[in-house]
Amino acid sequence: ENLAKGRDVPKGPWKRQPGTTDRRCLRVAAAWRIENKSLWLNYLAGRNQVEKDIGRLKTQLGSASVARLQTEMASKISPFWTAMGEPQLMGDVNEVLLGHATDPENLVNILSEGCSEKFCGGLFGKCVYFAETPCKNDQYAKKDTHSSRELHELLYPRRQDKSLADVYFIIICRVVMGHFVRTQDGLSNMDSPVGKSVWRLKHTELTEIDGTTPGIRYHGMVAETGIRIKRHREFLQYHSNRIYPTYLVAYKREVNGRDI
């Protein structure tokens, strides 16, 4: 994947010469499968609740009421996913694969307790932010400078692998998006003819879906490009029990075949 546009490239030998084009890429250095039984059971409970909501939605609004969500990451990872024997994604609840980047200092907590909306914030409220392309995740990743001894004892229990110094991390997650709302400005539902607000409680809880009794709130948000986002849409989840971190990927940034 190309690196995010606008990334700083060190001067000196990295300085691009006139008439040349830098070849930038993200190279996988290592990967770990995350196995956390308590997180998985919590995730299954969250997914089951969304499945019940979707059943009620289809009964009240019709089978065509829930749009199917397709992500770029899912299509690229699909062969690997099948080869690893991973449980299939549930299309009926829009269970998708998405990437989340974070500061390495947060990783130990995420690996043990999962992703939490309580510690995240941004343009679209207090939620966990995801992307379907690594170059979008890379905009939010921070370099691991081996400052967390606890993290490195967890990842490298037998030896400190110097070749994995100065890497960045992306967590590949299963995310249940259910019946999602789309927005471009973070305020209004772009599929509503009257521009209905996406919020029940601003920046914390999404609004109820029209025509549902009792009301069912949207299960997630897709921020489309055009107003607040110029490149690469974002995916927002406001409930941690709809997120399961599945793989941790360490990668390096390269320009013309050399690490930066």
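Which residues is W199 in contact with, leaving aside its neighbours within four places in sequence? The list is F124, G125, G186, L187, T204, E205, L206, T207, M221 and Y238. This is a predicted model. The protein has 260 residues, and 47% of them count as buried. It holds five helices and 11 strands.

**Overall build**

- The accessible surface of the protein comes to about 13,800 Å². Carbon and sulfur atoms own 49% of that surface.

- W199 sits in strand β6, which covers residues 199-201.
- W199 counts as buried because its relative accessibility is 9%, under the 20% cut-off.
- The side chain of W199 reaches the backbone oxygen of G186 at 2.9 Å. G186 is also among the contacts of W199.
- W199 and R217 are 18 residues apart along the chain. Their C-alpha atoms are separated by 9.5 Å.

- T183 lies in strand β5, residues 180-183.
- Is T183 buried or exposed? T183 is buried, with a relative accessible area of 0%.
- A polar atom of the T183 side chain lies 3.0 Å from the backbone nitrogen of G186. G186 is therefore approached through its nitrogen by T183 and through its oxygen by W199, with T183 itself at 0% relative accessible area.- Beyond four places in sequence, T183 is in contact with F124, S188, M190, V198, M221, V222, A223 and E224. F124 and M221 are also in contact with W199.

**Cysteines**

- How many disulfides does a search of the whole structure find? The search finds zero.
- C173 is in no disulfide. The nearest cysteine sulfur, that of C115, is 4.4 Å away, and a disulfide needs the sulfur atoms within 2.5 Å.
- C173 is buried, with a relative accessible area of 0%.
- C25 counts as partly exposed, at 25% relative accessibility.

**Backbone features**

- Most residues other than glycine have a negative phi, and most peptide bonds are trans.
- The peptide bond from T213 to P214 is cis, with omega near -10 degrees. P214 lies in the loop between β7 (205-206) and β8 (220-223).
- N94 has a positive phi, near 50 degrees, and is not a glycine. The residue belongs to the loop between α2 (72-83) and β2 (95-101). N94 is buried, with a relative accessible area of 2%.
- H232 also has a positive phi, about 70 degrees, although it is not a glycine. Its place is in the loop between β8 and β9 (234-237). H232 counts as partly exposed, at 24% relative accessibility.

**Pocket and cavity**

- Rolling a probe the size of a water molecule over the atoms shows where empty space is left.
- The largest pocket holds about 750 Å³ of space.
- Which residues of the pocket lining are the closest to the centre? They are H100, T102, S116, F119 and C120, out of 33 lining residues.
- Several elements each supply at least two residues of that lining: α1 (37-61), β2, α3 (107-113), β3 (128-130) and α4 (134-137).
- A search of the whole structure finds one cavity of 30 Å³ or more. The largest cavity has a volume of about 30 Å³.
- E205, L206, R217, Y218, H219, Y238 and H239 line the largest cavity. Among them, E205, L206 and Y238 are also in contact with W199.

**N241**

- N241 is found in the loop between β9 and β10 (243-255).
- N241 counts as partly exposed because its relative accessibility is 26%, between the 20% and 50% cut-offs.
- Not counting residues up to four places away in sequence, N241 touches N42, Y43, G46 and R47.
- N241 and G114 are 127 residues apart along the chain. The C-alpha atoms of the pair are separated by 8.6 Å.

Conventions: Residues numbered from 1 in each chain as written. Predicted model: local features only at pLDDT ≥ 70, side-chain atom pairs only at ≥ 80, totals over all residues. Heavy atoms only, no water. Helix = DSSP H or I, 4+ residues; strand = E, 2+ residues; numbered from the N terminus. Buried < 20%, exposed > 50% of the residue type's maximum accessible area, 1.4 Å probe, protein only. Polar contact = N/O pair within 3.5 Å; in protein donor to acceptor, adjacent residues only side chain to side chain. Contact = heavy atoms within 4.5 Å. Areas by Shrake-Rupley, 256 points an atom, 1.4 Å probe, with all protein chains shown as cover. 1 Å grid on protein atoms, 1.4 Å probe; cavity = no way out; pocket = protein on both sides within 12 Å on 5 of 7 lines; lining within 4 Å. Points joined across faces, edges and corners; volume = space filled by probe spheres on them.
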